[in-house]
Amino acid sequence: LEADQAAALPAETLILDCSSQAQYEAGHWPGALWLPPQFLLCGTAPVPGKPPHLSELNRLFDCLGLYTDRPVLVIDDEGGGWAGRLLWTLDLLGHCPVYYLNGGIRACISDDLPLQKHINQPQPVSPQSRQLHSECRVELADLLEGYSQTQIWDARSLGEHTGTIRAALFAGHIPGAKHLEWSELFDPARGFRIRQDSLARITEAGLDPAQPIVTHCQAHHRSGFT
C-alpha cells in the first residue's frame with residue numbers, strides 16, 4: 001500500500017514496525033508498535049534463522065494484540081527485508097489480511113510525512129489458537145525430492161552466490177539457483193519503494209513468476225522481501 005491507502009485502513013488495524021530501535025524512537029507511523037526483528041527468529045543453532053516454535057509465536061502475537069481477521073500493516077526502515085519476514089511469519093500462521101507499506105518508513109521520510117515519537121504500548125489479547133500453515137515454506141527434504149522441477153531464487157549478494165564471499169559454512173550456491181539480489185528490487189530514489197520494473201527484472205533473472213519459486217538467503221531476512 002501507499003501511504004494514503006494505509007491511512008485509510010480500518011481504525012482497528014494492528015501496525016507493526018520492524019525498524020531499528022533508533023528509527024522507531026526518532027519517528028514512526030502513528031499508532032505503530034515496535035517489533036524487534038529478532039523476535040521473528042528462533043535464534044538457536046544450527047539454523048538460527050528458522051521461525052520460533054509455534055508456542056512462542058502465539059505468545060508473541062497474543063502480546064501484540066493480534067486476533068482473528070484483525071488487519072495488519074507491516075513496516076520497516078530498510079526497504080522491506082524485515083517487513084517481508086514478518087509478512088511470511090503471518091502467512092505461516094494463516095493470518096490475513098496483511099499489508100505492506102511500500103517503502104516503509106523510508107518512503108514516509110522521503111515524502112516528508114508527519115511521524116509519531118510517542119512509544120505505543122500493545123494491548124494484549126486472550127490466548128489465540130493459531131496453527132502453522134506449511135504450504136508457504138519448504139523443508140530441505142521436500143526441496144530435494146522435487147529438486148529438478150524447482151525454481152530457486154538466491155536473494156543474497158553476487159559475491160555470496162559466486163562463492164567469492166563466504167558468509168556460511170560453505171561458499172557458493174545451490175546448483176541451478178537463479179541469482180537476483182534483493183536490493184535490486186527497491187528504489188532508493190523513490191523512498192525505497194518496490195521498483196516498478198521488478199517483474200521484468202525477475203523474469204530477466206530466469207525466474208518464471210507464474211510458477212512456484214523457493215526463495216532463500218541466509219536467514220530469510222533478505223529473502224523475506226523477495
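On a 1 Å grid over the protein atoms alone, a cavity is a set of points where a 1.4 Å probe fits but cannot get out, while a pocket is an open set with protein on both sides within 12 Å along at least five of seven lines; lining residues have an atom within 4 Å of a point. Grid points are joined across faces, edges and corners, and a volume is the space filled by probe spheres set on those points. By this rule, there is 1 cavity of 30 Å³ or more.

Before going further: this is a predicted model, in which local features need pLDDT of at least 70 and side-chain atom pairs count only at pLDDT 80 or more, whereas totals for chains, interfaces and linings use all residues. Residues are numbered from 1 along each chain as its sequence is written, and side-chain values use heavy atoms, with hydrogens and water left out.

Back to the largest cavity, which holds about 40 Å³ of space. Among the residues lining it are Glu2, Ala3, Leu101, Asp111 and Arg193. Helix H5 (residues 104–110) gives the largest share of this lining, 3 residues; helices (H or I, at least four residues) and strands (E, at least two) are DSSP runs, numbered from the N terminus. By class, the cavity lining has 5 nonpolar, 2 polar and 3 charged residues. Here Ala, Val, Leu, Ile, Met, Phe, Trp, Tyr, Cys and Pro count as nonpolar, Asp, Glu, Lys and Arg as charged, and the others, Gly among them, as polar.

Now for the open space. The largest pocket has a volume of about 1,800 Å³. Of its 46 lining residues, Val138, Val214, Thr215, His216 and Cys217 are the closest to the centre. Elements that give two or more residues to the lining are H4 (81–92), H6 (140–145), S5 (151–154), S9 (213–216) and H9 (222–225), and the largest share, 5 residues, comes from H4. The lining splits into 24 nonpolar, 14 polar and 8 charged residues.

Two of those pocket elements, S5 and S9, also belong to an open sheet of 3 strands in the order S6-S5-S9, with parallel pairing. Strand S6 (178–179) and S9 are at the edges with a single partner strand each, so one side of each has no neighbour in the sheet. Two strands pair if DSSP finds at least two bridges between them; S5 and S6 have 2, in the parallel sense. Trp153 has Lys178 in S6 as its bridge partner.

Elsewhere, strand S1 (residues 14–17) pairs with two strands. It runs parallel to S3 (residues 72–75), joined by 4 bridges, with Val72 as the partner of Leu14. S1 also pairs in the parallel sense with S2 (residues 33–34) over 2 bridges, and there Leu16 stands opposite Leu33. In a regular strand the side chains alternate between the two faces of the sheet. Both faces of S1 are covered: Leu14 and Leu16 on one side, Ile15 and Asp17 on the other, are all buried (under 20% relative accessible area, with a 1.4 Å probe and protein chains only).

Last, the rings. The whole structure has 5 aromatic pairs, meaning rings of Phe, Tyr and Trp (its six-membered ring) with centres within 6.5 Å; planes under 30 degrees apart count as stacked, over 60 as edge-to-face and the rest as tilted. Trp182 and Phe186 pair edge-to-face, 5.3 Å centre to centre with 75° between the planes, and both are buried. Ring pairs link Trp182, Phe186, Phe192 and Phe225 into a cluster. Arg106 lies over the face of Phe192, at 4.3 Å from the ring centre; that label needs NZ of Lys or CZ of Arg within 6 Å of the ring centre and within 35 degrees of the ring normal.

Note on methods
Buried means under 20% relative accessible area, exposed over 50%, partly exposed in between (1.4 Å probe, protein chains only).
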